[in-house]
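Colleague: I would like to learn how to read a structure one feature at a time. Where do we begin?

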Amino acid sequence: MGLPIRQVAYFCADVRAAAAAHHAAYGSGPFFVADNIPVARAVHRGVERLHDHSSAYGQWGEVMVEFVQQNNPGPSPFHDMYPEGSGRYGLHHVAVFVDDVDAALAEFAAQGAPCAMRAEMADGFVYAFADTSASLGHMTELYAPRASLLGFYAMVADAAREGAPERDLITTIRLR
């Protein structure tokens, strides 16, 4: 399918602590944290569920790095790989741009990677997780590169190029 990786994402207990630790180890960042990202609808494994999560986004070389925490209990694509209450965390997914999320989900499913979750934000932005964990060891997140997403990616990359004082390593933002 020729899909370059745009982002590497880790599931963690605390996005701010994980971002700071990653920065200390690898020099990534600065990071932009969105708390309780508003998801209008999420369907996990065929069941509509609450999907309350927070994420920290930063640049790590040529790729965006994300740290994500789940804020609500219950099943999710994160708990598919790291069972709730297990205390386990780690690499969860890589993200790729696709022209059509639903068509890409169908292609992944035909190759043995079923849809773990399809979610829609209040503004209509759709993203999904194809469960590629059996073949790749992680999930694959799919989303279409619309202008607002490309602008967000550019903002994160520009912040890394410009550098930030240590006191500005983590900035809280609001996603709509």
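Modeller: We begin with a definition: two strands pair if DSSP finds at least two bridges between them. Keep in mind that this is a predicted model. In the hairpin of strands S8 and S9, four residues lie between the strands, and Gly124 there takes a positive phi near 95°.

Colleague: How many bridges join S8 to S9, and in which sense do they run?

Modeller: Strand S8 covers residues 115-121 and is joined to S9 by five bridges; the two run antiparallel.

Colleague: Which strand pairs with S9 over four bridges?

Modeller: That is strand S10, residues 139-143, and the pairing is again antiparallel. Phe129 stands opposite Glu141 in S10.

Colleague: Are the residues of S9 buried or exposed?

Modeller: To answer that you need the cut-off: buried means under 20% relative accessible area, and exposed means over 50%. Five of the five residues of S9, which spans 126-130, are buried, so the strand is largely enclosed by the rest of the structure. Both faces are covered, with Val126, Ala128 and Ala130 on one side and Tyr127 and Phe129 on the other.

Colleague: Now a helix. What is the general idea for reading its sides?

Modeller: An α-helix has 3.6 residues a turn, so residues three or four places apart point the same way. Take helix H5, residues 147-162: its 16 residues reach 22 Å from the first C-alpha to the last, close to the 22 Å expected at 1.5 Å a residue.

Colleague: Which residues of H5 are buried?

Modeller: Leu149, Phe152, Tyr153, Val156, Ala157 and Ala159 are buried. They cover an arc of only 155° around the axis, which puts them on the same side of H5. The face turned away from that buried side carries the exposed residues Ala147, Arg161 and Glu162. Just after the helix, Gly163 has a positive phi of about 75°.

Colleague: What should I expect of backbone angles in general?

Modeller: Most residues other than glycine have a negative phi, and most peptide bonds are trans.

Colleague: Which residues have a positive phi although they are not glycines?

Modeller: Asn36 is one of them, with a phi of about 45°. Asn36 is in the loop between S2 and strand S3 (39-44), and at 45% relative accessibility it counts as partly exposed. Arg45 is another, with a phi of about 50°. Arg45 lies in the loop between S3 and strand S4 (47-48), and its relative accessible area of 35% makes it partly exposed too.

Colleague: Which residues does a cis peptide bond join?

Modeller: It joins Gly29 and Pro30, with omega about 5°. Pro30 is found in the loop between helix H1 (15-26) and strand S2 (31-34).

Colleague: Ser28 is found in the loop between H1 and S2. Is Ser28 buried or exposed?

Modeller: Ser28 is buried, with a relative accessible area of 1%. A polar contact of 2.7 Å joins its side chain to that of His22.

Colleague: What else is Ser28 in contact with, leaving aside its neighbours within four places in sequence?

Modeller: Besides His22, Ser28 is in contact with His23, Gln59, Trp60, Val65 and Leu169.

Notes
Residues numbered from 1 in each chain as written. Predicted model: local features only at pLDDT ≥ 70, side-chain atom pairs only at ≥ 80, totals over all residues. Heavy atoms only, no water. Expected span 1.5 Å × (residues − 1). Buried < 20%, exposed > 50% of the residue type's maximum accessible area, 1.4 Å probe, protein only. Arc of directions from axis to C-beta. Polar contact = N/O pair within 3.5 Å; in protein donor to acceptor, adjacent residues only side chain to side chain. Contact = heavy atoms within 4.5 Å.
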